[in-house]
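Welcome, and please open your viewer. We will go from one selection to the next and look at what is there.

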Amino acid sequence: MIEYLANAIRATAGEEIVIVANIAEDGVDVTSGCGFMLHISEDNVLHIDGEYRDELWFFTIPAELTKGLKGRYSYCLCRDKNTLCFQEPIYLM
């Protein structure tokens, strides 16, 4: 299960999570080099490469990466390892 509320995401840990986003800079779609960074802790950041198709970005987090996680974490989108936004909340249950 996945739910979006503005920039907050709620998802089920231990299941494959697919995050979908439209990423643009100056009104032009970004079509390459984007990723999703899941901040588990300051020293543990998971980087998921995105797949661009049908004018959207898809970031698939494998189930084993979130197994056993519960609570509030944060995420951000990036392009070529440079963040595109502030960290936003992601709640895993």
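Start by selecting Glu25, which touches Val30, Arg79 and Leu84, leaving aside residues up to four places away in sequence; contact here means heavy atoms within 4.5 Å. Draw a distance from Glu25 to Leu84: their C-alpha atoms are separated by 9.3 Å, although the two residues are 59 apart along the chain. Glu25 belongs to strand β4 (residues 24-25). Its relative accessible area of 35% makes Glu25 partly exposed, on a scale where buried means under 20%, exposed over 50% and partly exposed in between (1.4 Å probe, protein chains only).

A word on the model before moving on. It is predicted, so local features need pLDDT of at least 70 and side-chain atom pairs count only at pLDDT 80 or more, while totals for chains, interfaces and linings use all residues. Residues are numbered from 1 along each chain as its sequence is written, and side-chain values use heavy atoms, with hydrogens and water left out.

Next, select residues 17-21, strand β3.

Now move to β6 (residues 34-41) and β7 (residues 44-49), antiparallel strands joined by six bridges. The hairpin that links β6 to β7 passes through two residues. Gly35 stands opposite Asp49 in β7.

Finally, zoom out and colour by secondary structure. The protein chain has one helix and 12 strands, both taken as DSSP runs numbered from the N terminus (helices H or I, at least four residues; strands E, at least two). In sequence order the pattern is β-β-β-β-β-β-β-β-β-α-β-β-β. The radius of gyration is 13 Å, close to the 12 Å that the globule rule gives for 93 residues, so the chain is as compact as a globular protein of that length; the radius is taken over C-alpha atoms, and the rule is 2.2 Å times the number of residues to the power 0.38. Along its principal axes the C-alpha trace spans about 40 × 25 × 25 Å. Of the 93 residues, 35% count as buried.

Methods: Two strands pair if DSSP finds at least two bridges between them.
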